[in-house]
Amino acid sequence: MKQKIPALLLMLLLCGTLHARKINLSGETDGDYLDITLWEDNGITAGYSLLPEPMLVVGHWETYPGDIGTYYGINITMYEADGRVQGTYLFHLREAADGTLSFEDGELTYIDPYAGTGTKQFKDITCQEKEEIAGEGPLQPATQDDLSEIYEYILPEERGGFFEMMVESDGSVIFDTLDRPAGDGVASAANDANRPGRLVGNVMEYERVNDCGDTLCATFFRDFVVVETQQVSGPKHDCNPINAVFVKKSYSE
């Protein structure tokens with residue numbers, strides 16, 4: 001299962017005023033029900049999977065030309081409230097010349113804590129574009145009151161990661177992060193002792209975060225933070241990147 005979403009994270013460079021589109025995917029295939037509402041802006045997509053219970057989904061929305069209309073690939077990961085990953089959806093949609101969206105195919109790769117990983121195919125799903133209302137959905141930039149000291153995602157076999165931070169009154173940020181996705185790659189980063197990060201709006205960019213000279217970009221939304229290492233190209237670049245979504249932890253958890 002694909003846990004990391006680098007294409008989404010690259011799109012964070014385009015952060016700006018939200019003008020999100022909103023769609024709903026719903027239907028039934030072989031007794032499996034699907035009901036997902038998504039908001040999309042500049043390649044970032046997030047929303048809620050409503051069945052069997054509401055869960056946050058975050059991922060990326062890619063656009064590519066086709067023989068008939070424009071095609072979209074949507075790859076989203078589903079998170080429980082504590083950041084535990086439940087699975088990943090992959091959908092393909094087609095947009096006709098008149099702007100009508102239609103469902104092409106879809107697949108759920110799920111994680112069962114007892115049975116392991118499996119897949120389900122979706123067909124004959126209804127795709128409807130909904131009216132976007134200001135203030136809806138999870139793609140709202142985080143305000144100061146929305147920020148948490150701890151963000152996390154959790155995978156089986158002690159995989160996962162965290163982003164911990166403390167924001168000072170002047171906007172400086174002390175942070176520590178770890179990304180340990182499925183597979184062998186592990187990446188970590190923290191601010192230098194005498195060089196904190198700085199939060200501007202809902203974005204923190206921290207240059208020279210590792211020995212390779214990469215920049216760490218953390219973009220905070222209402223319920224999660226998207227963190228990406230923007231790698232510097234070069235023949236001797238051997239620093240593992242951080243490409244992850246971390247879900248906000250509440251103090252009651």
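## Surface and overall make-up

Accessible areas come from the Shrake-Rupley method with a 1.4 Å probe. For the chain in this predicted model, the accessible surface comes to about 12,800 Å². Carbon and sulfur atoms hold 48% of that surface.

The chain has 253 residues, and 46% of them are buried. Its secondary structure consists of one helix and 18 strands. Now take contacts between residues at least 6 apart in sequence: 46% of these join residues at least 24 apart.

## Strand E5 and its two partners

Start with strand E5, which covers residues 70-79. Is E5 mostly covered or mostly exposed? Mostly covered: nine of its ten residues are buried.

E5 pairs with strand E4, residues 55-65. The two run antiparallel and are joined by ten bridges. Across this pairing, His60 stands opposite Asn75 in E5. E4 and E5 form a hairpin with four residues between the strands. In that hairpin, Gly69 takes a positive phi near 80°.

E5 also pairs with E6. Here too the strands run antiparallel, with ten bridges between them. Thr77 has Thr88 in E6 as its bridge partner. E5 and E6 make a hairpin with five residues between them. Gly83 sits in the turn, and its phi is positive, about 95°.

## The second largest pocket

Rolling a probe the size of a water molecule over the atoms shows where empty space is left. The second largest pocket has a volume of about 280 Å³. Its lining consists of 13 residues. Nearest the pocket centre lie Leu51, Pro52, Tyr89, Leu108 and Lys120.

Which strands supply at least two residues each to the lining? They are E2 (32-41), E6 (85-95), E7 (101-112) and E8 (116-122). E7 gives the most, with three residues. By class, the lining has ten nonpolar residues, one polar residue and two charged residues.

Most residues other than glycine have a negative phi. Asp124 lies in the loop between E8 and strand E9 (126-130). Is Asp124 buried or exposed? Its relative accessibility is 72%, and exposed means over 50%, so Asp124 counts as exposed.

Arg208 is the other case. Its phi is near 50°, again positive in a residue other than glycine. Arg208 is found in the loop between strand E15 (203-206) and strand E16 (215-220).

## Val225, a buried strand residue

Val225 belongs to strand E17, which spans residues 224-230. Its relative accessible area is 0%. Buried means under 20%, so Val225 is buried.

What does Val225 touch, leaving out residues up to four places away in sequence? Its contacts are Tyr151, Phe163, Ala218, Thr219, Phe220, Ala244, Val245 and Phe246.

Val225 can also be compared with Pro141. The two are 84 residues apart in sequence. In space, their C-alpha atoms are 9.7 Å apart.

Terms used. Residues numbered from 1 in each chain as written. Predicted model: local features only at pLDDT ≥ 70, side-chain atom pairs only at ≥ 80, totals over all residues. Heavy atoms only, no water. 1 Å grid on protein atoms, 1.4 Å probe; cavity = no way out; pocket = protein on both sides within 12 Å on 5 of 7 lines; lining within 4 Å. Points joined across faces, edges and corners; volume = space filled by probe spheres on them. Nonpolar A, V, L, I, M, F, W, Y, C, P; charged D, E, K, R; others polar. Buried < 20%, exposed > 50% of the residue type's maximum accessible area, 1.4 Å probe, protein only. Contact = heavy atoms within 4.5 Å. Pairing = 2+ DSSP bridges.
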